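Hello,

Here is the structure I promised to pass on. Please open it beside this email and follow along.

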Amino acid sequence: MSPMRAPSTAPAAGAEPPRDCPLCPRLAGFRAHWRAQEPGWHNAPVPSFGPSDARLLIVGLAPGLRGANRTGRPFTGDYAGELLYQTLLDFGFATGRFEARPDDSLVLTQARITNAVRCVPPENKPTTDEMKTCRPFLSGTLAALPRLAAVVALGKIAHDQVVAAHGLRLSHYKFAHGARHALGPITLFDSYHCSRYNTNTGVLTPEMFRAVFASVRRFLDTGV
């Protein structure tokens with residue numbers, strides 16, 4: 001396997017990885033395998049979803065194999081999206097109807113969704129090098145949102161990547177469900193990931209998840 005290559009220059013703010021992004025050879029090979037197996041799937045880096053003037057950015061881990069990797073839209077096609085998008089609808093961050101397909105009527109309002117790693121990783125486990133290599137795209141996403149005030153990190157990896165993208169030390173910002181961290185002008189809210197595993201095992205309940213977004217909604221509306 002060829003060595004992982006860092007981008008020769010930082011991507012422009014808001015730039016998405018190209019469809020055939022070569023930067024992570026293991027992920028590029030995994031994409032190629034699934035393109036051969038399922039040529040009708042997206043099988044490419046999954047772009048961010050939501051308005052460019054969003055005040056809230058939601059950061060997940062990586063596309064799911066049969067979710068976003070298949071459909072091409074974050075959290076679309078697997079269980080995690082059902083809980084996430086219903087919660088966003090309930091708190092006024094989305095309108096329309098979520099039907100687990102990218103051509104449904106769902107529209108995000110005030111919120112944008114991205115992933116720390118843009119390509120699907122084998123076993124849903126990106127390596128440390130892959131996370132570091134993809135981080136400039138996360139940094140660019142953050143930089144391209146002029147009205148951004150809050151970030152929700154879904155899981156510790158997303159939390160760590162957001163902190164690192166700000167050039168801050170992870171030891172000063174510990175992940176914990178329901179925690180809140182001031183990152184300069186942006187406030188980071190932590191949540192356990194809304195995966196089926198976490199909800200099935202009781203690590204995360206819908207009430208716990210809704211509580212995070214209630215805090216975000218209150219913060220954006222009142223500053224508290």
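At what angle do α4 and helix α5 pack, and how far apart are their axes? Keep in mind that this is a predicted model. The angle is about 70 degrees, and the axes lie 9 Å apart. Angles of 65 to 115 degrees count as roughly perpendicular, so α4 is roughly perpendicular to α5. The crossing of these two helices is right-handed.

Now look at who meets whom. From α4 come Met131, Arg135, Leu138, Ser139 and Leu142. From α5 come Ile157, Gln161, Val162, Ala164 and Ala165. In this contact, 7 residues are nonpolar, 2 are polar and 1 is charged.

Next, the sheet. Strands of a sheet pair through backbone hydrogen bonds, either parallel or antiparallel. Here 5 strands form an open sheet, and the pairing is mixed. Read across, the order is β4-β1-β5-β7-β6. Strands β4 (111-115) and β6 (180-183) are the edges, so to speak: each pairs on one side only. From one strand to the next, the twist averages 25 degrees.

Zoom in on one pair. Strand β5 (residues 150-154) and strand β7 (residues 186-191) run parallel, joined by 5 bridges. Within this pair, Ala153 stands opposite Asp190 in β7.

Finally, go back to α4, which covers residues 128-143. This helix packs on the sheet and touches β1 (56-60), β4 and β5. Its direction makes about 165 degrees with that of β1. So α4 has two sets of partners to find on your screen: strands of the sheet and helix α5, where the angle of about 70 degrees makes the two helices roughly perpendicular.

Best wishes

Notes
Residues numbered from 1 in each chain as written. Predicted model: local features only at pLDDT ≥ 70, side-chain atom pairs only at ≥ 80, totals over all residues. Heavy atoms only, no water. Pairing = 2+ DSSP bridges. Helix = DSSP H or I, 4+ residues; strand = E, 2+ residues; numbered from the N terminus. Axes fitted to C-alpha atoms, helices over the stretch in contact; angles between N-to-C directions. Contact = heavy atoms within 4.5 Å. Parallel < 35°, antiparallel > 145°, perpendicular 65-115°, else oblique. Left-handed = near helix turned anticlockwise from the far one by under 90°. Nonpolar A, V, L, I, M, F, W, Y, C, P; charged D, E, K, R; others polar.
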